[in-house]
Amino acid sequence: MKALVGGIILPVSSPPIKNGVLLFDEESGKIVAVGKKEEVTIPEDAEIIEAPGKYISPGFVDAHSHIGMIPDGLEWEFQEANDFYSPIAPHLRAVDGFDPYDEAFKEAIAGGVTTVATGPGSANVMGGIGLLAKTYEEGFEKIIKPEAFIKMALGPKRPREYKSKYPYPTTRMGTVALMRTWFKRAREFMEGKIKTDNIDEEEIEMLRLLARALKREIQVKIHLSTSPDEIYAAIRIIKEFNLNATIDHAFGSQLVADMLSREGIPVIYGPPMITRIASFFRYVDDKAPVLLFKKGVNVSIMTDHPVLPEKHLRLLAAVVARNGLSLDDALKLITINPAKALGIDRFVGSLEPGKDADIVISSDHPIKPTSKIEIVFGRGREVYKAD
């Protein structure tokens with residue numbers, strides 16, 4: 001048992017606690033107690049870690065990344081995020097192309113990021129199955145959920161130089177039509193209206209996966225590419241098929257914030273700080289997450305690693321805070337909000353008894369750019385200590 005004593009605890013799920021105690025168990029990897037010093041009984045055999053003046057927060061959660069799929073320090077040809085085999089490929093699995101030894105994981109831990117959603121990119125209408133991982137575990141022990149979501153992407157899918165099993169749609173409406181067609185086919189498959197002896201095993205596997213999405217057994221992560229009209233399209237698909245889904249990137253969401261608030265669909269925005277280098281980034285606005293948050297949308301921010309490095313997730317939150325959020329609210333965008341969006345808030349995202357002891361100790365509020373991350377615990381084990 002270990003006890004962090006005397007720090008300023010940021011539980012996220014409740015107000016900050018000055019001169020607090022955080023009790024956690026290395027064997028179970030869980031938080032045992034959180035509270036003021038006079039409220040928490042520290043066992044006699046507990047290891048005391050004095051933390052006066054330090055800030056103690058949950059490990060950060062990135063709900064949209066490609067870490068381990070697009071390796072740091074190698075050319076794009078080594079990427080595993082986009083396979084141009086077919087525009088409809090939900091059966092591809094990120095776990096089969098995931099590199100748990102990517103150096104970016106070490107940097108992510110040093111940046112306080114302890115949990116990530118990573119997987120396929122956006123080249124295909126349905127690109128495959130993404131996974132959830134702990135950045136600090138060794139090898140494939142990192143993977144905590146190998147089949148966490150099906151990655152889908154709106155926007156035009158321009159012809160590629162690669163050979164493909166089927167042609168790619170070349171317009172936004174073509175992409176939506178293809179997505180809808182396959183969901184309808186999966187629904188017919190669920191209802192026994194498709195004779196499986198007439199289709200090959202690969203298509204059967206694809207339909208089984210999409211049927212899981214229709215039954216809300218697996219989440220759907222819908223990538224947007226160009227403009228706010230795609231948000232309307234995504235919502236139509238989500239509502240028509242009653243999907244458990246998130247809307248990712250969501251550039252231009254500031255223009256439809258009221259609608260997103262009414263629909264109650266989680267938004268994973270960003271990444272902030274991205275440049276308007278291409279026409280499809282013209283709706284980028286770092287104020288968007290602030291507006292969504294104030295409208296009651298469950299909004300998170302992403303790195304989209306390696307678009308922006310995983311290690312800088314908290315700095316992206318600082319950029320958002322500068323546009324009108326308190327530091328404590330900005331912290332929610334990289335902790336409890338992404339945990340809720342991914343459906344893992346029972347385990348991570350806040351400092352509460354029973355949750356994973358993923359803990360960040362920093363010299364000041366972690367959203368302040370000048371704050372230094374000093375120690376990171378992963379499931380109760382010290383996994384990083386600054387020099």
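Tutor: Strand 10, helix 4 (residues 229–241) and strand 11 form a right-handed β-α-β unit; right-handed means that, with the strands pointing away from you, the path from the first strand over the helix to the second runs clockwise. Helices (H or I, at least four residues) and strands (E, at least two) are DSSP runs, numbered from the N terminus. Bear in mind that this is a predicted model: local features need pLDDT of at least 70, side-chain atom pairs count only at pLDDT 80 or more, and totals for chains, interfaces and linings use all residues. Residues are numbered from 1 along each chain as its sequence is written, and side-chain values use heavy atoms, with hydrogens and water left out.

Now zoom in on strand 11, residues 245–249. Five of its five residues are buried, meaning under 20% relative accessible area with a 1.4 Å probe, protein chains only. On one hand, strand 11 runs parallel to strand 10 (residues 219–223), and four bridges join them. Two strands count as paired if DSSP finds at least two bridges between them. Here H223 sits opposite D248 of strand 11. On the other hand, strand 11 also runs parallel to strand 12 (residues 267–269), this time with three bridges. D248 turns up again here, with I268 as its bridge partner in strand 12.

The path onward from strand 11 goes like this: strand 11, helix 5 (residues 257–263) and strand 12 make a right-handed β-α-β unit.

Definitions and conventions. Buried < 20%, exposed > 50% of the residue type's maximum accessible area, 1.4 Å probe, protein only.
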